[in-house]
Amino acid sequence: MYFSRFLSLHALWVTVSSVMQHYPSVWGHYDVCKTQIYTEEGIVWDYMACQPEATDMTKYLKVKLDPPDITCGDPPETFCAMGNPYMCNNECDASTPELAHPPELMFDFEGRHPSTFWQSATWKDYPKPLQVNITLSWNKTIELTDNIVITFESGRPDQMILEKSLDYGQTWQPYQYYATDCLDAFHMDPKSVKDLSQQTALEIICTEEYSTGYMTNSKIIHFEIKDRFAFFAGPRLRNMASLYGHLDTIKNLRDFFTITDLRIRLLRPATGEIFVDELHLTRYFYAISDIKVHGRCKCNLHATVCVFDNSKLSCECEHNTTGPDCGRCKKNYHGRPWSPGSYLPIPKGTANTCIPSISSIGIPSKFNRIWPNISSLDVSNPKQVAPKLTLSTVSSVQVANHKRDCECFGHSNRCSYIELLNTVICVSCKHNTRGQHCELCRLGYFRNASAELDDENVCIECYCNPFGSIHDRCNDTGYCECKEGTSGPKCDECLPGNYWLEGCRPNVCDNELLHCQNGGTCHNNVRCQCPAAYTGILCEKLKCEKEVGGCSSRSNQAAHPQAPLLLLTALLGTVGPYLL
């Protein structure tokens, strides 16, 4: 029987508790890297996937403006209120603190008072474009965990692009386009995140949702991270197993929420009208009072702490890893290739610990065969390694040599001799393994390709979707067997022509294969919206057929030659397959 206790400071638990209160269903796991496990052989380390807490990342960024002299106040100038072009008594003066609007006021923390804001120079050079690039840099890879929120003190811009970089600003990709007219500004049809699905969750869209109006209550722009999470974890982010599973298996999904830099490209200020008022150009400018970027350091699931020292973020790596993102094994720990941690199986994940090179700790190769749990030792502490290399260990080697066929890869310490078969088999395999030598995975689990056969996390749970899969078992690559119309590694996606409702169901109608009849229109692929005179699954029936006396009391059959055909169709049951 196993007993465990967490080796962590009280302060860490306070922090974890705080994080879980704010994000209980989103990022509540993976807050401890290792625990001590008491086994029959003694105390060993049990490693788990881990990550730093999510926090406000604006505390650690550097901001750069282009052009660098775009901030108002040098020389001093006056500007007008957006709602009233004749109210032009507002001043911006960089030499006077109470009248200055420097870039750092986009991130001040004194209550984030709306009266503190950065402001650009006014559009006095119209018709030359008034364009500004605001670049936020961390000099560290970070993972976004909440919506990016930008609060404008001026009206929201008529045209804007939010961009991201994954290589410290060398290249950029768009995150989202914003415009009052997407077709005119960027040659894109307008969309909102609500128009996306799990299959299109990473689509780059242009939205008009945040660019119209410039009243006081219309100053906030969002980039909806949580709404995209919801495509995988459900509307209230309750099914985190699904999200973690997708993040584990789809590199593009992980990369989508990963950045080193953000860039806000302001292309056209809010005008609030069709034409620019050239007589009052001092009413046009950009002003931002707050930017929120919530995330965490990317440590490849090998650290719970990210420190900010000498203006630089870095992970405090565990699992014998090192580097800014814990992206490689420490010296003398190359017993197997480096690999990032895995979110699965929930809630502990798989640490994929770097194990020591055999030569680095002086263990003969035969010990490696009969001492498979070497990866569970903290060999950086000689006191933990030394007791294992004792006479009792040598005795156990002799026993293992005596029963040389009793090799259980560390998943059992008991074996039984079957006299009839003249063979030895392992008894009570642990860690979700089975087989003569505990070399196979239990049903409902599959082999972790990044783990050695003697790793405690060698078998990963399939997590097949109970509605979309035929059973809870998967193949040796983790793919589940899906029901008809269902797809995806975990059978939680629908093939074209189907929709999700506790499993995938065939569309009742669509715009290509199954047309609604008699002028009906297809609604969400699940029903036809019929004209007033028709009813039925595909609008194939006249409503008067349901009334007493049929249609004869209201219409002449000769005037409706298609009516007998419709009735015959209904009687023959051609619409039978299209039941709700």
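Tutor: What covers the buried residues of helix 4 includes helix 3 (225-233), helix 5 (251-256) and strand 31 (493-494). Before we go on, this is a predicted model: local features need pLDDT of at least 70, side-chain atom pairs count only at pLDDT 80 or more, and totals for chains, interfaces and linings use all residues. Residues are numbered from 1 along each chain as its sequence is written, and side-chain values use heavy atoms, with hydrogens and water left out.

Student: What do covering, buried and helix mean here?
Tutor: Covering rests on contact, meaning heavy atoms within 4.5 Å. Buried means under 20% relative accessible area, exposed over 50%, partly exposed in between (1.4 Å probe, protein chains only). Helices (H or I, at least four residues) and strands (E, at least two) are DSSP runs, numbered from the N terminus.

Student: So which residues of helix 4 are buried?
Tutor: Met240, Ser242, Leu243, Tyr244, Gly245, His246 and Leu247. That is seven of the ten residues in 240-249, so helix 4 is largely enclosed by the rest of the structure.

Student: At what angle do helix 3 and helix 4 cross?
Tutor: Roughly 100°, with the axes coming within 7 Å. Axes are lines fitted to C-alpha atoms, for helices over the stretch in contact, and angles run from 0 to 180 degrees between N-to-C directions. Helix 3 and helix 4 are therefore roughly perpendicular to each other. On this scale, angles under 35 degrees count as roughly parallel, over 145 as roughly antiparallel, 65 to 115 as roughly perpendicular and the rest as oblique.

Student: Which residues make the contact between helix 3 and helix 4?
Tutor: Helix 3 brings Phe229, Phe232 and Ala233, and helix 4 brings Met240, Ser242, Leu243 and His246.

Student: And what is buried in helix 3 itself?
Tutor: Ile225, Arg228, Phe229, Ala230, Phe232 and Ala233. Their cover includes strand 9, strand 10, strand 12 (173-179), strand 14, helix 4 and helix 5. Gly234 follows helix 3, with a positive phi near 90°.

Student: New topic. Which residues of the largest nonpolar core touch the most other members?
Tutor: Trp118, Ile134, Trp138, Leu262, Leu266 and Ile291, out of 68 residues in that core. Strand 9 (residues 132-144) gives the largest share, six residues. A nonpolar core is a set of buried Ala, Val, Leu, Ile, Met, Phe, Trp, Tyr and Cys residues joined through side-chain atoms within 4.5 Å.

Student: What is Leu262 in contact with?
Tutor: Leaving aside neighbours within four places in sequence, the contacts of Leu262 include Ile134, Leu136, Trp138, Ile148, Trp172 and Val293. Glu163 and Lys164 are also among them.

Student: What about sheets?
Tutor: Four strands form an open sheet in the order 8-16-10-14, with antiparallel pairing. Strand 8 (118-119) and strand 14 (220-223) stand at the edges with a single partner strand each, so one side of each is left without a neighbour in the sheet. Two strands pair if DSSP finds at least two bridges between them.

Student: How many bridges join strand 10 to strand 14?
Tutor: Four, and strand 10 (residues 148-152) runs antiparallel to strand 14. Thr151 stands opposite Ile220 of strand 14.

Student: How many disulfides are there?
Tutor: A search of the whole structure finds 18. The test is a pair of cysteine sulfur atoms within 2.5 Å. Cys329 and Cys354 form one, with the sulfur atoms 2.0 Å apart. The torsion about their S-S bond is about -75°, so this disulfide is left-handed. Cys329 is in strand 21 (residues 328-329) and Cys354 in the loop between strand 21 and helix 6 (358-361), 25 residues apart.
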